[in-house]
Amino acid sequence: MSATPLQKGWLTKAGAFAVEKVECPAPGGSVDLSKPPVGVLHTTEGSFDSALGEFKVHHAPTFLVSSGRILQLLPLGASAAALKHDVPPESNRWARAQIEVAGFSQEDPWQFDPATLARVAALMGALARAASIPLTRPFPDAMPPKPWATTTFSRRTSGKWGTVAGWFGHVEVPSGNAHWDPGALRWSELLARAKSVSGSPGAPVGPPPVDHGPVTPKSAFHAAPRVPADKCVQFLLARDHGEYHTGDIRAIVRHYYETAGSVGLDPLLLVAQMSEETEHLTSFWSQRPRCNPAGIGVTGKPGEGVSFRKWEIGIRAHVGRVLAYAIPAGSGSPRQAKLIAEALSHRALPPDRLGVAPTLAGLSGRWAKDPNYAAKIAAVANQIRRGGTDGPG
Ligand SMILES: [Zn+2]
């Protein structure tokens, strides 16, 4: 079962652009859905036609993009073959999509031409929805010192591959890879563009909810919402919810969906953690005027804990704090960095906690001392998923 959903098959559109189906050999089996959802970006280092000619024989990525076309070469769900996998860890099967862009990488900071940029961004926006690949990066734009074209390049050996969701360049994939594409690409511009095309004003924030199976401690925070907001509202209303009224509950859940969705986190996991921490909004610290949604700074000593002026602020502090746990220090988009800074201004976070929890499991023994903390949050999330009160699922 997939913790973060992947739509199988063929896209027909990416934003405003048509996606053409040009099926190529896919000898690599299926994508490994147990890993955090990632995509890999390449440049062809040659012409569109010569690249396509090769992909019809071997080494096909999932997509080939030029300034005029978006081609899908393999169905979603099938492993692409544009990476080497000479030595562990696995490479191709851990990538939910690989995009080859017709063109040449550069060693100085660079960007695709406008027509290509628009197509790559639209495709990444579509893949955020279809394959739950968040529009984030595990690394900053500024490249470390060369050499990059070596299997021992520091980003390949950083341990991020297979543990952190988002978009990687070929230059950042281990497993015996030595290509350095896409070089010093200005990723943050590309991802900002992808975000702007993946949502439109008035539309729900973030990708549409898709639920492909139970939440476990291995479930990634970076994911499309696993359930619609209504299910969270129903769950809380079905239980004692302290001093809060139906309208308050709806507003609290909406703030979670907006805030978590805006930075690529699954709001279900945040709402489940809030419910676990506050005993579904009945705990002392969750009541007004404290409005503390997740036991932030609450140690058990009398009076010790953080109060928030209103729920909206407490939710931003909660989501930003989880985000700081979920992504490597300094790796976020400007929007993510801003939310983290705001959250940590309410209560600092020791540096050894940054980036330790790409999945729920990382919170156990850290956010709370309880070694079963992640399992407990997963259990609440699954109760919300199933609806009703209890029972198998
Ligand atoms: Zn490549």
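**Entry 1**

I began at histidine 59, which is partly exposed because 17 other C-beta atoms lie within 10 Å; the scale I used calls a residue buried if 20 or more other C-beta atoms lie within 10 Å of its own, exposed if 12 or fewer, and partly exposed in between, with C-beta atoms placed from the backbone. Before going further I noted that this is a predicted model, in which local features need pLDDT of at least 70 and side-chain atom pairs count only at pLDDT 80 or more, while totals for chains, interfaces and linings use all residues. Residues are numbered from 1 along each chain as its sequence is written.

Histidine 59 sits in the loop between H1 and E5, where helices (H or I, at least four residues) and strands (E, at least two) are DSSP runs, numbered from the N terminus. Its phi is near 65°, a positive value in a residue other than glycine. I then looked up glutamate 45, in the loop between E4 and H1, and found its phi near 55°, again positive in a residue other than glycine. Glutamate 45 is partly exposed, since 15 other C-beta atoms lie within 10 Å. Most residues other than glycine have a negative phi, and most peptide bonds are trans.

With that in mind I turned to the peptide bonds. The bond from aspartate 181 to proline 182 is cis, with omega near 0°, and proline 182 belongs to the loop between E8 and helix H3 (187-198). The bond from arginine 288 to proline 289 is also cis, with omega near 0°, and proline 289 is placed in the loop between H6 and H7.

**Entry 1: Helix H1**

Which residues of helix H1 (residues 48-55) are buried? I found Ala51, Leu52 and Phe55, and, seen down the axis of H1, these buried residues fall within an arc of 95° (taken from the directions from the helix axis to the C-beta atoms), so they line one face of the helix. On the other side of H1, Asp49, Ser50 and Gly53 are exposed. Strand E5 (63-65) and strand E7 (95-101) are among what covers the buried residues of H1.

**Entry 2: The sheet and strand E4**

I next traced an open sheet of six strands, with mixed pairing, in the order E3-E6-E5-E7-E4-E8; strands count as paired if DSSP finds at least two bridges between them. Strand E3 (20-21) and E8 stand at the edges with a single partner strand each, so one side of each is left without a neighbour in the sheet. E3 pairs with strand E6 (residues 70-72) in the parallel sense over two bridges, and lysine 21 stands opposite glutamine 72 in E6.

Strand E4 (residues 38-43) is mostly covered, six of its six residues being buried. Val38, Val40 and His42 point one way from E4, while Gly39, Leu41 and Thr43 point the other way. E4 runs parallel to E7, joined by six bridges, and histidine 42 stands opposite glutamate 100 in E7. E4 also runs parallel to strand E8 (residues 166-169), joined by four bridges, with leucine 41 opposite glycine 169.

The domain assignment, which is automatic or from a database, gives domain 1 (13-198) and domain 2 (229-386). Their centres, taken over C-alpha atoms, are separated by 32 Å. The contact between them takes 14 residues from domain 1 and nine residues from domain 2, two residues being in contact if their C-beta atoms, placed from the backbone, lie within 7 Å.

Leaving aside neighbours within four places in sequence, leucine 123 is in contact with Ala14, Phe63, Val65, Ile70 and Ile99.
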